[in-house]
Amino acid sequence: AKVEAKDLLRKPNVKWFKGKWMDLASKAGKHLQLKESFERHTKIHTFEMHIIQAKENYAGNYRCEVSYKDKFDSCSFDLEVTGKMPLVSVNGDGQDDAGELDFSGLLKRREIKPQEEEPEVDVWELLKNANPSEYEKIAFQYGITDLRGMLKRLKRMRREVKKSAAFAKGLDPAYQVDKGGKVRFMVELADPTVELKWYKNGQEIRPSAKYIFEHKGNQRILFINNCTMTDDARYYVTAGDEKCSTELFVRDPPILVTKGLEDTNTYVGERVELSCEVSEDDANVKWFKNGVELTNEAKSRYRIKVEGKKHTLIIEEAAKNDSATYSVMTTGGQSEAKLSVDCKPLKISLALQDQTVRLGQEIHLKCEISENVEGKWYKNGQLIEASDRVKLYHKGRIHRFVIGSAAVDDEGEYMFVPDAYNINIPCKQIWTISPFSDPPKLHLDGLGEGNTVTVVAGSKLRLEIPITGEPTPKVTWSKGDKWITDSGRIRAETYPDSSCLVIDVAEREDSGPFRIALKNEAGEDTALINIKVVDVPDPPQAPDVTEVGEDWCVMTWEPPANDGGSPILGYFIERKKKQSSRWMRLNFELCKETTFEPKKMIEGVAYEVRVFAVNAIGISKPSMPSKSFVPLAVTSPPTLLAVDGVTDTTVTMKWRPPDHIGAAGLDGYVVEYCFEGTDEWIVANPELTDKTKFTISGLPTGSKILVRVKAVNAAGESEPRYHPGPILVKEVIEPPKIRLPRHLKQTYTRRVGETVNLVIPFQGKPRAKVSWQKNGSPIDKNQINIRNTENDTIIFIRKAERNHSGEYNMKVEVENLEDKATIDIQIVDRPGPPEVVTIEDVWGENVNLSWKPPKDDGNAAITGYTIQKADKKSMEWFTVMEHYHRTSATINELVIGNEYYFRIFSENICGLSEDATMTKESKVYKYPVYDDFDFSERPLFTQPLVNTFAVAGYNATLNCSVRGNPKPKITWLKNKVIIMNDPKYRMFSNQGVCTLEIRKPSPYDGGTYTCHAVNQLGEAEVDFWISILSFLYFLMYLLPQLKSASKKPLQ
């Protein structure tokens, strides 16, 4: 964790936690190390936490907190531990286990067994679901000192939180903070305008240095700085009528173990004191024996004594069963030690004596020791129990063993072992030989050479050895100094004429010589039988990859340390991609050597390989995988190697990159040369160059060299690329040649104020001389900078002015040879305004303008003009024409009667002129005077009435049209009589069309009708007649007309 400390006067305080409450400062030791450093230049503190030999139960959430006065920050991360590692039992003082991150693993380590990963628990969720009898244990384990407050507030935490309309997000049920720390309460409001108040135990909280309020959008935050035990209380916040509450628990700083327990050795009956010291006086400390808590009760054998910071566990009279691992635990640390209670040293006052007895005589063994303890008697390692024939006596410190009548089976090795002591007192018995006996004999004719018997590991061996002798001899089997009994995996079975050695499941460790001994009163016979257990070989060591190519590698390995008792026949090799779990066998015929070359791999992909050893028994387990490797290929040779330049002492070479580079990339190039006639290649660049051009320096003038270039990457050096012939180290005269860029072959144009930076390359050796002139005169170096190199010349003008325009002449000279070039530079600026603008004519809504071109064109051709107009009343200018090329123009769409001013800007490639030329006067267009037109007219019928017929009973309509100004008055007449107020008739007049409708006429309505029109200028009338026919007569009249119409062509 890196902490920036630019504004801090001293080092900040840093704490590491596992889970929510476990402070890791007290765990520092061999498993956990905390380090810190400070970089003075950058003002950054670096705090490091190192976990040594991670275990699965170390996985979980970790948090780092940093604080400085009223400032606070934290960061959390998750640690995931993959795979399993064996646990190792640690002996020594309590500090050996410092750094363990799991309490239960420290206090209950009775035997070596893998620890299961404990999931991280929330202490408050644990309290909700725990039995009340476990509250005290949980409070001590997680550092909660106020048990009363915990029980009181636990009830509130169990209440169900109702959904609030005022709070989008409320307070957590409980918060916990260390004493002196900083806590942050945050709620999120649904309505940010609601008034919010904070309370502590019912008292409203006011802003101060201790209580800081903060608003962020809908969030309302309360910070409490430098928390003390008085801040351990109930807090709630109100928003309108709604309330949200929480509990704050302030935890005392963890109690640390400043001086741990020490391992102690003592004797039975002595007083024992185990002491430790903690960081606080009268702290709450718990003692454990093999993980079981010890109490300070009156009936207990253990007494706990507290003197300030010192805590002592006292055992008045130690017993053998007091040997155990004792540990002490505080809220912030723990320590453990081992107590070993042994018996007092035992001295042998009278040892057992070897005896030789005759058959039938009494056997009497006696020994004396310094302590009055019980003991046990053994014969050939087997426990002897008292019986009618065997008598065992114990009186004080004396122990006796008596057999009334000795027999052949009584011969053997006897010993006495005192209880609670790891010593024994041995002796031997020998009997006399009877005259009627036959010496024992082993018959080993059926065994192989050297009495060797071979068995495959895992199978059962039953080896039967024929025996003879009179009386029947006693048979004993042994391997080394260990006797073989008649029970167990390896056992001996004895019959009258044979003895069998049985091994149920043969193991490799069973290999070796087994001794069989026959004995009776006539003599003895022994033999060594070599048991050879053959097994699959041990796995070889992890192979080493010694060489890597494009799609191949070379791997080697050492033969296995143990061939399983059978010669190694060969090896199988497998490979896999590093990110894969699938192994693929590479050889199906045994590899007889300890080297192999895998092929057909993908370049750029990481691989691992492993080896199996094979003997006649089978295939071994696989070796450990090799270190991962990536098949890489060298690049192809560089291309287009050529000479770029030669001087009297140097040669410059250039080349192109290789055509094929591959997955290993390209690290650089190595340039080597040798003098003609020699084979010694000299490296010109000790360090790789990433350029494709290099100058070989320090060469003698007149010598000839050969040059080659190699490309280098992680796979090594490529094949060299040779220059086709020797190179003479002597400078050659090269005629000067100016390579003028294409854009400088035309006029080079720049605006005033811009930078002119021209680079003109040229050729010419040796020592080409460059000179410049402007318009035939030397260039003023105070205004124009000229810089020359071996290959180019640069002309630089920082801020161009118009006087920099002109013709620049460049000349390159090499001895008596020269080359010239000319560059035209034109510096342009905005033009001046046009000359006088004149209004030539005004008509209607148009005006004609004319003007003269500007005197100053800005050193560039005029590309057009921009014309603007302004009303005399508002004087707001509007553009009416842009990029206009002529010097006269007609402006249209003016408002008749308004007065206008006009101005004109000139324009070139730099833009518009800064000023414009405006007309000096304005003209007003006057409307022409016209006489009013006389539209008066006397009435005139434009469409007269037409004579017609009507059918009786059907409405008839009569129409005509008339015009006149003023509008004439229309009057209808029938037979010269005015028609007035007769409902049979309806009269209409619309837009000069006059209509008379006769409703259901009868024959009496026929006659002459007249339409009469009258106005101020005169009158007019039109007559027509209408005949009313019955329907029958109408058809008779209409049929002849239809027949005549049908004979006419269709129009």
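**Salt bridges and confidence in a predicted model**

User: How far apart are the closest N and O atoms in the salt bridge between glutamate 273 and arginine 271?

Analyst: Keep in mind that this is a predicted model. Glutamate 273 counts as partly exposed at 43% relative accessibility, and arginine 271 is partly exposed with a relative accessible area of 43%. The two form a salt bridge, and their closest N and O atoms sit at 2.8 Å.

User: Which strands hold aspartate 644 and lysine 693?

Analyst: The side chains of these two, aspartate 644 and lysine 693, meet in a salt bridge at 2.8 Å, N to O. The pair ties together parts that are 49 residues apart in sequence, so look for aspartate 644 in strand 50 and lysine 693 in strand 54.

User: Is threonine 238 buried or exposed?

Analyst: Threonine 238 lies in strand 15, residues 234–239. Leaving aside residues up to four places away in sequence, threonine 238 touches Phe167, Glu195, Leu196, Lys197, Tyr199 and Lys243. The cut-off for buried is under 20% relative accessible area. Threonine 238 has 16%, so the call is buried.

User: Where does pLDDT stay under 50?

Analyst: Overall, the protein chain averages a pLDDT of 84, and 88% of the residues score at least 70. The model does have 83 contacts beyond four places in sequence for the stretch in question, which is residues 85–121.

User: How many helices and strands does the protein chain have?

Analyst: The protein chain has 1051 residues, 39% of them buried. Its secondary structure comes to five helices and 84 strands.

How values were computed
Residues are numbered from 1 along each chain as its sequence is written. This is a predicted model: local features need pLDDT of at least 70, side-chain atom pairs count only at pLDDT 80 or more; totals for chains, interfaces and linings use all residues. Side-chain values use heavy atoms; hydrogens and water are left out. pLDDT is the predictor's confidence in each residue, from 0 to 100. Contact means heavy atoms within 4.5 Å. Helices (H or I, at least four residues) and strands (E, at least two) are DSSP runs, numbered from the N terminus. Buried means under 20% relative accessible area, exposed over 50%, partly exposed in between (1.4 Å probe, protein chains only). A salt bridge is a side-chain nitrogen of Lys or Arg within 4 Å of a carboxyl oxygen of Asp or Glu.
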